[in-house]
Amino acid sequence: MSTPDKAAAYWKANLRLLSICLVIWFVVSYGFGILLAEPLNAIQIGGYKLGFWFAQQGSIYVFVALIFYYAKKMGDLDRQYDVHED
Amino acid sequence: MDLQSMTYMVVGATFALYIGIAIWARAATTGEFYVAGKGVHPVANGMATGADWMSAASFISMAGLIAFNGYGASVFLMGWTGGYVLLAMLLAPYLRKFGKFTVPEFIGDRYYSQTARIVAVVCLILASITYVIGQMKGIGVAFSRFLETDYDTGLFIGMGIVFFYSVLGGMKGITYTQIAQYVVLIFAYTVPAVFISLAITGNPLPQLGLGGDVVGSGVSMLDKLDMVVTELGFKDYTTSTMAGKLDMFVYTLTLMIGTAGLPHVIVRFFTVPKVADARKSAGWALVFIAILYTTAPAVGAMARLNLMQTIQVGEVGSVEGNVTYADVPQWFKNWEKTGLLKYEDKNGDGRIQYYNDKNPEMAAKAESFGWKGNEMTKVDNDIMVLANPEIAQLPNWVVALVVAGGLAAALSTAAGLLLAIASAISHDLLKGVFKPDISEKNELMAGRIAMVGAILLAGYFGLHPPGFAAGTVAIAFGLAAASIFPALMMGIFGKKIGSTAAISGMIAGIGVTMLYVFQHKGIMFIPDTAHLLGGAGSEGFKANWFFGISPNAFGAIGAAVNFAVAIAVSKFTAPPPEHIQHLVEDIRIPRGAGTATGH
């Protein structure tokens with residue numbers, strides 16, 4: 001692969017990964033925490049209603065996991081397309 | 001030792017620590033003003049970012065907002081954390097690769113235009129100043145309680161401390177001071193939370209305690225809270241929103257985009273050693289932030305339960321159900337002195353009735369009890385966290401620690417913001433645009449003068465607060481969301497967006513947001529002036545809200561306007577020149593990121 005092609009392919013792979021992560025980001029907060037909170041509230045985990053739990057706890061845990069997952073996967077992509085540092 | 005001397009001691013000790021670190025770090029650093037954080041390990045950088053980020057609003061106001069808004073206050077929890085996902089994925093690594101030191105510098109270079117840079121500076125200053133106002137309110141509240149004075153005096157003393165802290169010292173080595181401040185503030189926040197969670201639910205982890213049962217009752221903590229508040233006519237705790245679902249959605253989006261667009265946070269990621277570190281550092285920042293943010297819901301809910309049960313000691317409606325004023329705990333009287341808690345014996349029975357008299361059903365019931373209106377005429381949201389350890393009868397050193405933590409949060413954020421304002425004026429405006437030959441010394445002097453101006457302005461608005469700290473802060477997010485975030489994102493992801501498009505987008509975005517806020521809250525938040533723009537001014541005036549979206553939540557709409565205008569204009573104007581398109585291609589690839597350079 002020539003350099004411009006490689007760069008384009010790398011960028012495309014990045015956008016794909018990005019979209020997956022942002023879909024999850026959206027679903028846990030805006031989806032589970034806001035739009036679907038009422039139906040989810042019918043489910044209880046411990047003393048928490050599930051919709052309430054996602055809005056005040058769960059979404060935050062997922063956000064943390066998402067960033068580290070993205071950082072890890074991007075690191076892999078950087079090496080795979082040979083655009084990493086050092 | 002009594003509480004007062006204990007507080008002096010703990011606050012004094014933490015301040016001595018910060019100053020000590022600042023002096024030590026200054027002596028060890030030969031770097032410049034702008035490179036304080038260069039070469040900092042991602043975990044350390046994350047911790048400093050956490051302190052920088054978690055402000056008086058997070059520390060003092062947020063739990064109070066949660067306490068009184070319940071589920072509705074989730075906007076702050078999700079909004080102020082979810083933005084880090086956007087930051088880590090959409091901005092931080094690319095801006096790090098670009099390798100300059102200020103946000104306006106990126107915008108100026110990417111859009112090859114000094115005008116774009118100036119517009120970015122103006123947007124940055126508007127957002128940052130609004131944010132500093134919120135910090136000032138928090139500092140005023142903390143100091144007024146700590147020194148047992150009224151709020152105004154507390155605020156003036158706070159301004160003095162911020163002045164010494166940010167303007168005279170603490171500029172270099174700010175990162176290490178912030179790490180110490182993080183430790184103090186997280187310790188101060190979690191210790192009382194653990195105690196309170198243990199006392200109410202028997203579970204030492206507040207995150208689990210909130211979902212646990214009230215000790216010895218078999219009823220879950222949240223169900224109990226729902227019951228207690230609805231019985232007195234307040235909104236249901238676990239399901240009520242602040243202003244409807246749509247507002248909640250847009251508000252959350254505004255805070256997330258605003259988080260990713262606030263310059264003092266973005267700048268943190270310019271100075272980590274590598275592009276890969278910028279991604280990881282955002283994750284670490286969020287870990288440190290999440291420790292506080294997942295504790296806050298428990299603090300809020302438990303503080304509310306404690307407060308209700310302090311006043312409503314027995315069955316609603318029975319005479320003995322309400323506490324007599326003579327019997328209220330000491331914390332109640334302490335807070336009355338600050339004017340942030342007010343009690344008025346409307347029916348003259350010497351007891352306190354605290355209920356929602358705006359709820360017609362409850363008002364009718366109350367009348368039959370012989371109640372003559374809600375007697376807690378003021379319960380400021382902002383006092384909840386600071387009063388919490390007193391309400392839960394924790395030892396004095398915990399109370400003192402919380403005051404120190406609140407000050408650490410407010411000071412570290414104020415310092416970060418003032419630094420962002422100072423660098424925008426001295427580095428971008430003066431050196432970058434108007435006076436490129438300015439000497440290093442004068443540049444620094446200009447930065448300091450800018451800081452003083454910002455402190456005075458913020459102090460003025462702190463005395464005329466448009467809302468509680470988090471409410472004010474929310475407007476800052478709206479402004480950052482509507483102006484800076486879209487310009488940065490299009491600069492990275494849209495190769496064809498040229499200077500005219502970006503400038504018109506930024507102006508349209510921040511313009512429409514400010515118009516909306518001022519129309520509903522008054523020009524510069526002076527309520528009497530709102531009618532000049534055809535609005536009504538008072539916060540209670542909701543009839544004119546666009547689709548029921550509150551002014552604080554409007555930034556996401558402003559951002560949408562920004563994107564739409566910029567993309568539309570880009571169709572009719574020239575695309576960026578070849579070398580700019582290459583620049584964009586270059587920042588998309590990690591390899592070749594040198595250490596960041598100042599000029």
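Guide: Start with contacts: two residues are in contact when they have heavy atoms within 4.5 Å of each other. This is a predicted model. In chain B, take the contacts between residues at least 6 apart in sequence: 80% of these join residues at least 24 apart.

Visitor: How many helices and strands are there in chain B?

Guide: Chain B has 22 helices and two strands.

Visitor: Which residues lie nearest the centre of the second largest pocket?

Guide: They are A:T3, A:A7, A:A8, B:E585 and B:I589, out of 14 lining residues. Two elements each give two or more residues to this lining: α1 (3–35) of chain A and α22 (578–587) of chain B. The largest share, six residues, is from α1(A). By type, the lining has seven charged residues, six nonpolar and one polar. The volume of this pocket is about 280 Å³.

Visitor: Where does pLDDT stay under 50 in chain B?

Guide: pLDDT is the predictor's confidence in each residue, from 0 to 100. Chain B has a mean of 82, and 88% of its residues reach 70 or more. Residues 27–37 of chain B stay under 50, and the model gives them 18 contacts beyond four places in sequence. Residues 536–543 of chain B also stay under 50, with 13 such contacts.

How values were computed:
Residues are numbered from 1 along each chain as its sequence is written. Chains are lettered from A and ligands numbered from 1 in the order in which they are written. This is a predicted model: local features need pLDDT of at least 70, side-chain atom pairs count only at pLDDT 80 or more; totals for chains, interfaces and linings use all residues. Side-chain values use heavy atoms; hydrogens and water are left out. Helices (H or I, at least four residues) and strands (E, at least two) are DSSP runs, numbered from the N terminus. On a 1 Å grid over the protein atoms alone, a cavity is a set of points where a 1.4 Å probe fits but cannot get out, and a pocket is an open set with protein on both sides within 12 Å along at least five of seven lines; lining residues have an atom within 4 Å of a point. Grid points are joined across faces, edges and corners, and a volume is the space filled by probe spheres set on the points. Ala, Val, Leu, Ile, Met, Phe, Trp, Tyr, Cys and Pro count as nonpolar, Asp, Glu, Lys and Arg as charged, and the others, Gly among them, as polar.
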